[in-house]
Amino acid sequence: MAANNGQRLHVADDEESQSNATKIPPVFCTPDPETWMIDPRKQTTSEMWGLNELLTLDLWRASVGELVGTAVLVFMLDTIVISTIQSDIKLPNLVLSILAAIIITILLLAVHPVSGGHINPIISFSAALVGLISMSRAVAYIAAQCLGATLGALALKAVVSSTIEETFSLGGCTITVIAPGINGPVTIGLSMDQALWLEIFCSFIFLFASIWMAYDHRQASVLGHVLVFTIVGVVLGLLVFVSTTVTTEKGYAGAGMNPARCLGPAIVRGGHLWDGHWVFWAGPTIACAIFYLYTKIIPSQHHKSKAYDHDFFNVMKVTLGGDHITK
């Protein structure tokens, strides 16, 4: 989304040149609610859920951007995971975190003009809950992200040896692994409840400490999308480092914080990558729900999400025949 006149740097203006019917809902480029909002009371239930968007070419073009972006993300991140561990360098977790922060920032900048820059089901689902995009668009994005993650994992499988694929599980998300022991193979890693709590905490911190800035038009406008993307990348990198070092458990690959990235290698590689895979979906889902409740509880002057068209609470009120919409 090029800035108008080639001069505007703040994120809020990125979508002005497109019509309301076809513009890509800005997630990392949140505009002032007064200019973006369409009165939900004038919309039908299907429009509130975004079902009309499923018939628009714009949605599917944007979904292609999510597919390609997530495919590249999985290929690059999983390659980084394998290379940093295989190279036997000191503090591989730190190097991995720094490289992950860089590649995530670059990919967000690349995908942002096409779809708003999600490449993560956490972002798409939470954006739908707070009302920045419709639930239908979120579902389409998440489906594209999962397909893209699978293609990225297939691409990685095609270029690495079978030994590396087996040793490093295609760089996928693991909670436990089978390792050789004195009396035969043993399972090492983290317990499911510990992994779930870590997934919830890290996913919520990700939303609270970085995505929050993108969702609030005031911060997004002041900081600009380049700085916002950089903060998102840095926060994710820090969380990767923390989650992989705080437990000191071999076999645990750290908090996934991106269910699609975990799904791709699991589909392609299979095996133990499916063990506890539900954690990488349940944790972020719970975190998104908690984050949404948080945005509804805090004073409205501190966050503007309630003003957006597809706010989940408003959508449900309309669906259930409510008489008024919460502004």
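**Entry 1: α3 and α6**

I looked up the pair α3 and α6 (residues 135-159) and found that their axes come within 7 Å and cross at roughly 40°; axes are lines fitted to C-alpha atoms, for helices over the stretch in contact, with angles from 0 to 180 degrees between N-to-C directions. The two helices are therefore oblique to each other, given that angles under 35 degrees count as roughly parallel, over 145 as roughly antiparallel, 65 to 115 as roughly perpendicular and the rest as oblique. I noted a right-handed crossing for α3 and α6 (right-handed if the near helix is turned clockwise from the far one by less than a right angle, left-handed if anticlockwise). Their contact (heavy atoms within 4.5 Å) holds 18 nonpolar, 6 polar and 4 charged residues. Here Ala, Val, Leu, Ile, Met, Phe, Trp, Tyr, Cys and Pro count as nonpolar, Asp, Glu, Lys and Arg as charged, and the others, Gly among them, as polar. Element names follow DSSP runs numbered from the N terminus: helices (H or I, at least four residues) and strands (E, at least two).

I record that the model is predicted, that local features need pLDDT of at least 70 and side-chain atom pairs pLDDT 80 or more, and that totals for chains, interfaces and linings use all residues. Residues are numbered from 1 along each chain as its sequence is written, and side-chain values use heavy atoms, with hydrogens and water left out.

**Entry 2: α12 and its partners**

I next examined α8 (residues 192-215) against α12 (residues 279-297): the axes come within 8 Å and cross at roughly 45°. That angle makes α8 oblique to α12, and the crossing is right-handed. On the α8 side the contact includes Phe204, Phe208 and Trp212, and on the α12 side it includes Phe280, Phe291 and Tyr294. By class I list 19 nonpolar, 3 polar and 1 charged residues for the contact of α8 with α12.

I then turned to α11 (residues 259-269), whose axis comes within 9 Å of that of α12, with a crossing of roughly 170°. α11 and α12 are therefore roughly antiparallel to each other. Pro259, Ala260, Cys262 and Leu263 of α11 meet Phe280, Trp281 and Pro284 of α12. This contact has 7 nonpolar residues, no polar and no charged ones.

**Entry 3: largest pocket**

I read off a volume of about 1100 Å³ for the largest pocket. On a 1 Å grid over the protein atoms alone, a pocket is an open set of points with protein on both sides within 12 Å along at least five of seven lines, a cavity is a set where a 1.4 Å probe fits but cannot get out, and lining residues have an atom within 4 Å of a point. Points are joined across faces, edges and corners, and a volume is the space filled by probe spheres set on them. Of the 50 lining residues of the pocket, Val81, Ile85, Leu96, Tyr252 and Ala253 are the closest to its centre. α4 gives the largest share of this lining, 7 residues. The lining divides into 29 nonpolar, 17 polar and 4 charged residues.

**Entry 4: cavity**

I found 1 cavity of 30 Å³ or more in the whole structure. Lining the largest cavity are Met48, Trp49, Ala128, Ser134, Met135, His310, Phe312 and Val315. α2 (45-49) and α13 (312-319) each supply at least two of its lining residues.
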